[in-house]
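Dear colleague,

A short account of the findings follows it.

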Amino acid sequence: MRRSATIPSVLAGLALALGGVVMAAPAAHADIAACQDHVQNQGTEVTDDVRMACYVGLVGDQTRCVSDMAQAGVSNAVATEACRQAPR
């Protein structure tokens with residue numbers, strides 16, 4: 001393949017790859033927001049520790065998410081449900 005034909009192909013592939021990442025990013029924030037909203041709706045303050053626990057739940061470590069929330073003062077029932085909402 002000629003070099004002049006390769007460059008547009010590479011750029012097109014890169015644009016498609018980056019476009020997929022950009023489209024996926026808002027969903028991740030919405031999942032963390034759902035986790036945090038559940039905690040707040042149950043009457044517990046959303047602290048940095050709660051936000052970090054929601055992130056841990058988002059990446060798939062449900063056990064640690066619940067444990068980190070418990071250390072932040074969130075009840076077990078609320079933490080369990082909030083962490084379930086994180087990876088949606």
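Please note that the model is a predicted one, and that the values quoted here are computed from it.

The link of C65 and C83 is left-handed, with -85° about the S-S bond. The pair connects distant parts of the chain, since C65 belongs to helix 3 (residues 62–71) and C83 to helix 4 (residues 76–85), 18 residues apart.

The count of disulfides comes to 2. The other bond is formed by C35 and C54, whose sulfur atoms are 2.1 Å apart. The link of C35 and C54 is left-handed, at -80° about the S-S bond. Because C35 lies in helix 1 (residues 3–41) and C54 in helix 2, this pair ties together parts that are 19 residues apart in sequence. C35 and C54 are both buried. With the bonded cysteines of the protein chain numbered in sequence order, the pairing reads 1-2, 3-4.

Why is Y55 classed as partly exposed? Its relative accessibility is 42%, and therefore Y55 falls into that class, which covers the range between under 20% (buried) and over 50% (exposed).

Yours sincerely

How values were computed. Residues are numbered from 1 along each chain as its sequence is written. This is a predicted model: local features need pLDDT of at least 70, side-chain atom pairs count only at pLDDT 80 or more; totals for chains, interfaces and linings use all residues. Side-chain values use heavy atoms; hydrogens and water are left out. Buried means under 20% relative accessible area, exposed over 50%, partly exposed in between (1.4 Å probe, protein chains only). A disulfide is a pair of cysteine sulfur atoms within 2.5 Å. Helices (H or I, at least four residues) and strands (E, at least two) are DSSP runs, numbered from the N terminus.
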